[in-house]
Amino acid sequence: MKLLRALQPALIGRQGLARLPRPLSIRAVPRAAALCARQDYSTFQDVEKPPDGTHIARPRVQTGSQPGEAITITYGGKPGGSPRSFRMGSMWLRDNCRCTECVNQDTMQRDLDTFAIPEDIHPTKVSSEELGVSVLWSDGHKSHYDWDFLGAHTIYRDRLHKDEDDGSRRVLWGAEVAKNPPTVDYSSVMASEDGVAALTSYIKRVGFVFVQNTPYDDPEKTRELLERIAFIRITHYGGFYDFIPDLAMADTAYTNLALPAHTDTTYFTEPAGLQAFHMLSHQPAPGASAGETDLGGQSLLVDGFMAAKVLREEDPVSFRNLAHGSVPWHASGNKGITIAPDKLYPVIERAQGSDGVHRIRWNNSDRGVHPLGMQCSSAKWYTAARKWNEILKRKEMEYWFQLKPGTVLIFDNWRVLHGRSAFTGIRRICGGYINRDDFISRWRNTNYPRKQILREVMGL
């Protein structure tokens, strides 16, 4: 019960505290859930709640004593701790003046010509004030830096530009997610920014979301739903897709064959960020038995980040080999199309400066020939890939479900692998891809105040 209460998601929307529908349930299952149980879910109830405040306690400020040094800022430190001092260079501080003369307040772009600043720029007067620090510069310009800005680049600078894939608030899952998957209602997403905030927050935290009660008699309604997040990415498949299994494109997705768990567009330098499926209809094939009801085509999701965690705990050598052993990926089935990324990429991409996972890139069908003589030998890579494949296919890792008209699935293609069982009949699916950066921007701007975004994400 404590775990369930901790998993009750909440969201700070533009209108205040909004409780998200249908909390995610995590219950004990072999192996995968055992790892989940060791996660700290205490913050899930504050799903994207901004900090209580970013105002920094007023520190001590002194004029710089070294050449090129503008000011030194000293914070008192935690109880029992030592004070911490930070030196700020004259060129850096002058270049980052935020006044109306130096920054266009409408576009937030720098108007200041950085290289017109004199090389010997230095402060002639420094004033520590209630709201920040004022500096009169040797070129006659006057700047003001508030405490939040200075704090973001000194004592709290480790929070600045932190990786968007920080795993501290992720919810990892396995087959047990079937008991209560993250779900929102179509009308709430279309009606308000809070609805979009709930949708994007689920995707950001859990990796996927179902949108129930979506009209399925008109695929344009699904397009409009996706465009509530961002514009639909155009690829060699087109933009918004609406297809049946006719092999119109040279890809097994356009067949009725079973597909193992994989991520899409591994062959792009930047794979699609989000992917969406809406099954509009599934009819028996012409001439099929009138009593045929089980047409197959169950859908499969696997949490790639959870699989990477299992791999790392069970076989750290294989984890390293999949993280360091880069391989080629390609799309070459269509005439005139030979797409490959700008370089070789590994199956598991690490978060920069972190032990976390940034992105999963896995589609064995679209994998090229493993290059000989690489950092990770082919023998080691195949051993690691075999272990990875075995983990992906464990029953406790697989979430199987049946897509139905009226329910749209949207998932993080950098994290969640998808697949399906074979099917009969004619199945009509619509959906599309959305760029990662556009999704993250929408998530930020529907879940956080703009001032906080500019402070903590952009460093302004």
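Helices H8 and H10 cross in a right-handed way (the near helix is turned clockwise from the far one by less than a right angle). This is a predicted model, where local features need pLDDT of at least 70 and side-chain atom pairs count only at pLDDT 80 or more, while totals for chains, interfaces and linings use all residues. Residues are numbered from 1 along each chain as its sequence is written, and side-chain values use heavy atoms, with hydrogens and water left out.

Two packed helices are described by the angle between their axes and the distance between the axes. For H8 (residues 304-314) and H10 (residues 378-392), the angle is about 125° and the axes lie 10 Å apart. Axes here are lines fitted to C-alpha atoms, for helices over the stretch in contact, and angles run from 0 to 180 degrees between N-to-C directions. Helices themselves are DSSP runs (H or I, at least four residues), numbered from the N terminus. H8 and H10 are therefore oblique to each other (under 35 degrees counts as roughly parallel, over 145 as roughly antiparallel, 65 to 115 as roughly perpendicular, and the rest as oblique).

H10 also packs with H9 (residues 316-324), the axes coming within 9 Å and crossing at roughly 110°. That makes H9 roughly perpendicular to H10. In this contact (heavy atoms within 4.5 Å), Ser 318, Asn 321 and Leu 322 of H9 touch H10 residues including Trp 381 and Trp 388.

On the H8 side, Gly 304, Ala 307, Ala 308, Val 310, Leu 311 and Glu 314 meet Lys 387, Trp 388, Ile 391 and Leu 392 of H10.

Definitions and conventions:
Helix = DSSP H or I, 4+ residues; strand = E, 2+ residues; numbered from the N terminus.
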